[in-house]
Amino acid sequence: MATQQRDATTTPEPSHRGPLQPDGCVACGCRLALTLFDIGDFHYVRCPGCGLAHLDPVPSAAELESFFDEGYFTGRRAGGYDDYARDAPLHRRNAKARVRDVMRAVAPPGRLLDVGCALGYMLEAAGRAGFEAEGVEVSPVLAQRVRAGGFRITEALALVAEEQPESFDVVTMYQVLAHVAEPDRFLADAVRCLHPGGVLLIETWNRESLVARALGRHWQIVAPPSVVWLDARRPLELMLTRAGASVVSFDVATKWVSFGFVASLLDAPQRAESLVRIGRLLRRVPPTLGVPYALGDLVTVVARRSDGLSLAG
Ligand SMILES: [Zn+2]
């Protein structure tokens, strides 16, 4: 993490930096990065070539994995879930809708891999729809709970790519890509898991959306250190193309969230005091009530693995 104390109230002018990554931008290879904004001690930069933004420095895979333990789902991590399990009815409702989306792209149901499956709601819904579903979950505690439900869970996507290449009809990842150390390698591993012609469905946050542009550093998604990457269409297309897949669609997504989830976005550390107060009020709303999240900053990207992709290298 950044070691230098910065003044969170100032928005510095963009300045040239870098190269930050040894090989330049992970999406386009650009060797420059511009200051985007500072959040307390954390520093975000953006690539002038493709628009991808990220924390500088990028946390290591080990740092991120330790962050996404059980505490991320139980309100003990900034930017995490207030109480993920409490919102189970809403997660099940979302999973059912997501499976309907998958079935529009993949028919008949086949093998499905859900990456970042948390408590396995997507796996349950996919199983009921006729898919043979398994998951990837980095939290050993969560992985064990889903295994107890009878699902096969692997703790790293790279391991599935190595052990089961070209084995799945569809790979899904919901709000996972912003949190990984190396998104380009992560997407390449996901594509390797697919049969030629198989479908990759990614749900992620779009920093080029109106609400993200309007709110800037106050965009509710900007929650360091868990949110490492702030994605956009162009870098996603570049990384997917290099991974051997082509983008079929890029659409705004909606989902149901609890008021507790909205509160956890608002009263995270570093938020303005007015937002924190609203967050505290929302925590009093009964957990059974949901609200449709439709701010236009969440997108679903569907990509298809190219036929005849060489797996060499
Ligand atoms: Zn770039």
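Predicted model: local features only at pLDDT ≥ 70, side-chain atom pairs only at ≥ 80, totals over all residues.

Residues are numbered from 1 along each chain as its sequence is written, and side-chain values use heavy atoms, with hydrogens and water left out.

Select Phe37 and Tyr44 to begin. The structure holds two aromatic pairs (ring centres of Phe, Tyr or Trp, the latter by its six-membered ring, within 6.5 Å; planes under 30 degrees apart are stacked, over 60 edge-to-face, the rest tilted). In this pair the centres are 5.5 Å apart and the planes at 65°, so Phe37 and Tyr44 are edge-to-face. Both Phe37 and Tyr44 are buried (under 20% relative accessible area; exposed is over 50%, partly exposed in between; 1.4 Å probe, protein chains only).

Next, select Arg93 and Trp256. The charged end of Arg93 sits over the ring of Trp256, 3.7 Å from its centre (CZ of Arg or NZ of Lys within 6 Å of the ring centre and within 35 degrees of the ring normal).

Now select Asp101 and Arg104, which form a salt bridge with the closest N and O atoms 2.4 Å apart (side-chain nitrogen of Lys or Arg within 4 Å of a carboxyl oxygen of Asp or Glu). Asp101 is partly exposed at 31% relative accessibility, whereas Arg104 is exposed at 65%.

Finally, select Glu203 and Arg98, another salt bridge, at 2.9 Å between the closest N and O atoms. Glu203 counts as buried because its relative accessibility is 3%.
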